[in-house]
Amino acid sequence: MSARRPARAAAALALLGLASASPAARPAALAAQTLRTFTVARQLHGETRLVTRLDYAAGTLRVRPGAAGDLYRMEVTYDEQRFRPVSAYDAPSGTATLGLAPLGGSGLRPPADPTTPQLARLDLSPTADLALDLTLGAVEGDIELGGLHVTSLAVSTGASRTVLHFSAPNAARCSSATFNSGAAELVVVGLGNSRCDAISFEGGMGRATLDFSGAWSASARVAARMRVGELTLRLPRSVGVRLTLDKFLSTFRPAGLTARGTTYESANYATAARRLDLALTTAVGSIKVEWVD
Amino acid sequence: MRAGNAGPARPRSGGVRARRVGALLTTLAACSLLAARPADAASCRSTTHSRTTTDATTAAADAGGNRLTSTVHEVWSLVSDVSELRPGDVVTLVRQMRAGARDARVAREGRQAASRVAADSQAPAAAHPGVPAQAIPPAGPGGLTVDLGTLDRPTLLESRLRPLTELPASEVRVTVPGGEARLGDFRLAADQTLAGPLLVVRGDADIYGRLHGNLVTLNGDAIVHPGAVVTGDVLALRGEVRDLGGEITGEIRTLGAPLTTAGAERGETPAGTRALGRIAGVLGLFLTAAALGLGLVVFGRRNLEIVSDTITHSFGRAFLTGLVGQLLLVPTFGMLVVGLVLSVVGILLLPFAIVIYGLLAVIGIVGGYLAVAHAMGETYTRRRLARGDLTTANSARYLMLGLGALFALWAAWAAFGWVPVAGDLIQLAAVLVTWLLGTVGFGAALLSRAGLREQFAGRLIPPEALTDEYLWATPQFGVPAVRRPGAPTTPGARTPTHGPERR
């Protein structure tokens, strides 16, 4: 009996060796996941206006001012097993629909591979008037709109972390800027440069920072609603600020503001050339006020 | 202006590095063979240079004609790429070189270099290697027909056109409604005008003239030269759109070739490396458990043996106790916290209580697991002792044997966990067995109060076992009494009867 043991052990080892050497057993073959690059661009042929609808489901997003000869350009690296690129342009309305849409509907799909992150870069014309409608899913976004001709802006984020900059004054007058944040972290920097007449923010859960610094060219109205989370307001000292607050279970620290009932005003509100009227509604969370020079 | 291959900067993956090194080695080898011919060598220099430097530096090096600098740069680039290789990359490189695989990027760069050498943009485009330039005949009824009127779904279009890349040139057939299809490189001269969509397969489309319609290239580049006009969309599938100054009124789209096709090529740890890592992890855990167990043998052998005996003699009871103990672990903790919070002293004691509770739980689980190993080893060793295979035994031997058995499953998972299905099954078995025995050990630790109570350890000897009286006493049951001499032969009633008739 004991003589058979080495033979059996050798047979077992040989079987395991065969199993390990089998190409079909390679996990790499099963776990094959393909990244692809997709680029879409359009030359500028005298267009003066562009409506951009970007729907980006997941990944990292960068938005920047583009080259003078391009109306727009999007470069995306995506997982072709889970997403498909979207690009369409309607010439009569001047509307470009861009982005990355998830494939399929129901059923089990392998989880996204963290080692193969999706990347997208969108360059926008620095000369055409832009109406931007950005819908971001599970996205880490870095959006720079400074120096562009933004006439309207709508940003809707899901479970994302997005930083939006107006590093330079908007080259066009912006009628409205709307931010809708889900379970997300949203930071908007330089709203004073946005030149938007009306700004609205609606936050679900998470944290949001609205920075109103920049070169103010006109007064503005802001309506902000935060359901659950923390809202930080960075207010420039040079602008007269009036804040109307409607809160439920929220804390509010009116640093530097004088309370008049449910209204808070900065000392220079009556005399300031540019005024910022804020209407805040919060349910659960906190509102912080920070002053910037 | 380039519309393709200008994606966001990404870290170079192992597969890309391997391909770069492979391409460089191949090119350098070819150039060494052609070194005797100055013209070819110059071409090679330009070709290899284009793989490692930008166009600007290539132009500068070519203008200077400094061959030594170029060679040093090539060697340095090669050394740099080789230094970044990992073991998995080497495997990829060997596999690629063996298969003679050359990816689309290398081919494209080769064509770029060839076109750069050609210099004159008006010269005929270089022939696509291996593909004779020709018109593609229309497909017959039921054959492949692609409508190039709208190019909004490039991935869909590519999936339909993909078979054309695998067929021999003589068998390629496709119908383009209202347009035409070409195989191999195609050139539309400056004085030519073409109406309708154009499909170019396995070749570059050099547009100098006017194209009224969409342009699609598959496995090739779309090159729009200065003065050229394309009144439609341009789509390059597995290629690039190179706008050198022409006018394109429609969309410019590029769908690149897949960057990676397998997990190993996208920087994923190879199976061998993962297995080694897991084996090291399991070995580390084994050594840790062995160290703890030997410490327990030295400093708490009595407790360990009592828990071990509890497992041996009350396995089912220990399992049930462990199961209930696991279920009550969190509620008990909650009750403890709530109870302590109700008083000021309790609040002060709360941090200590939390730490002690956690510590006791860990001791119970880990100690119980080690006791399971001890019990397994003891059982096995006693069997060998009974057979005469062994002459000595001690707790340390029990423990190490048991731990070896317990970790055997995890070792199997570490070595073969990457095998599809079987690996998952091994892992599942290891988890279940570990949980089962851990539960038993935890229960035994609870039952024996961490080895302080021997009630369930089978060590309580019944009083009658303390004497040897049972060796000689008349058995009270099971042995028939001897019949008295002269007694009636027929047996009477077993049950004594009480009544006047007996009298």
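This is a predicted model: local features need pLDDT of at least 70, side-chain atom pairs count only at pLDDT 80 or more; totals for chains, interfaces and linings use all residues.
Let me start with helix 13 of chain B. Helix 13 covers residues 422-447, and helix 11 of chain B, residues 344-387, packs against it. The angle is about 105°, and the axes are 7 Å apart. Roughly perpendicular is the class for angles of 65 to 115 degrees. Helix 11 and helix 13 of chain B are therefore roughly perpendicular to each other.

Who makes that contact? From helix 11 of chain B come B:Ala361, B:Gly364, B:Ile365, B:Gly368, B:Tyr369, B:Val372 and B:Met376. They meet B:Thr434, B:Leu437, B:Gly438, B:Gly441, B:Phe442 and B:Ala445 of helix 13 of chain B. By class, the contact of helix 11 with helix 13 of chain B has eight nonpolar residues, five polar and no charged.

Now the other partner. Helix 10 of chain B, residues 315-341, also packs on helix 13 of chain B. Here the angle is about 90°, with the axes 6 Å apart. That makes helix 10 of chain B roughly perpendicular to helix 13 of chain B as well. On the helix 10 side, the contact residues include B:Phe315, B:Arg317, B:Phe319, B:Gly322, B:Gln326 and B:Leu329. On the helix 13 side, among them are B:Trp435, B:Thr439, B:Val440, B:Phe442, B:Gly443 and B:Leu447. The classes for helix 10 with helix 13 of chain B are twelve nonpolar, six polar and one charged. Note B:Phe442. It is in the contact with helix 11 of chain B, and it is in the contact with helix 10 of chain B.

On to strands, and to strand 14 of chain B. Is strand 14 of chain B, residues 251-255, enclosed or open? Five of its five residues are buried, so strand 14 is largely enclosed by the rest of the structure. Side chains in a regular strand alternate between the two faces of the sheet. Here B:Glu251, B:Arg253 and B:Leu255 point one way. B:Ile252 and B:Thr254 point the other way. All of these are buried.

What does strand 14 of chain B pair with? One partner is in chain A. Strand 1 of chain A, residues 35-43, is joined to strand 14 of chain B by five bridges, running antiparallel. A:Thr39 has B:Thr254 as its bridge partner. Another partner is strand 11 of chain B, residues 234-237, which pairs with strand 14 in the parallel sense over four bridges. There, B:Leu237 stands opposite B:Leu255.

Chain B also has an open sheet of four strands. The order is 4-7-10-13, with parallel pairing. Strand 4, at 193-195, and strand 13, at 247-248, are the edges, each pairing on one side only. Strand 4 and strand 7 of chain B, the latter residues 210-212, pair over three bridges. B:Ala195 stands opposite B:His212 in strand 7.

Next, aromatics. How many aromatic pairs does the structure hold over all chains? Six. Take A:Tyr72 and A:Tyr89. Their ring centres are 6.1 Å apart and their planes are at 35°, so the pair is tilted. A:Tyr72 sits in strand 3 of chain A, A:Tyr89 in strand 4 of chain A, 17 residues apart. A:Tyr72 is buried at 0% relative accessibility. A:Tyr89 is buried too, at 18%.

A second pair is A:Phe252 with A:Tyr264. This one is edge-to-face, 4.9 Å centre to centre and 70° between the planes. A:Phe252 lies in strand 13 of chain A and A:Tyr264 in strand 15 of chain A, so the pair ties together parts twelve residues apart in sequence. A:Phe252 is buried at 12% relative accessibility, and A:Tyr264 is buried at 13%.

Last item: positive phi. A:Arg195 has a phi of about 60°, although it is not a glycine. A:Arg195 is in the loop between strand 10 and strand 11 of chain A. Its relative accessible area is 27%, which means partly exposed.

B:Arg202 is the other case to show. Its phi is positive, about 55°, and again it is not a glycine. B:Arg202 is in the loop between strand 5 and strand 6 of chain B. Is B:Arg202 buried or exposed? At 14% relative accessible area, B:Arg202 is buried. The cut-off for buried is under 20%.

That's the tour.

Conventions. Residues are numbered from 1 along each chain as its sequence is written. Chains are lettered from A and ligands numbered from 1 in the order in which they are written. Side-chain values use heavy atoms; hydrogens and water are left out. Axes are lines fitted to C-alpha atoms, for helices over the stretch in contact, and angles run from 0 to 180 degrees between N-to-C directions. Helices (H or I, at least four residues) and strands (E, at least two) are DSSP runs, numbered from the N terminus. Angles under 35 degrees count as roughly parallel, over 145 as roughly antiparallel, 65 to 115 as roughly perpendicular and the rest as oblique. Contact means heavy atoms within 4.5 Å. Ala, Val, Leu, Ile, Met, Phe, Trp, Tyr, Cys and Pro count as nonpolar, Asp, Glu, Lys and Arg as charged, and the others, Gly among them, as polar. Buried means under 20% relative accessible area, exposed over 50%, partly exposed in between (1.4 Å probe, protein chains only). Two strands pair if DSSP finds at least two bridges between them. Rings of Phe, Tyr and Trp (its six-membered ring) pair if their centres lie within 6.5 Å; planes under 30 degrees apart count as stacked, over 60 as edge-to-face and the rest as tilted.
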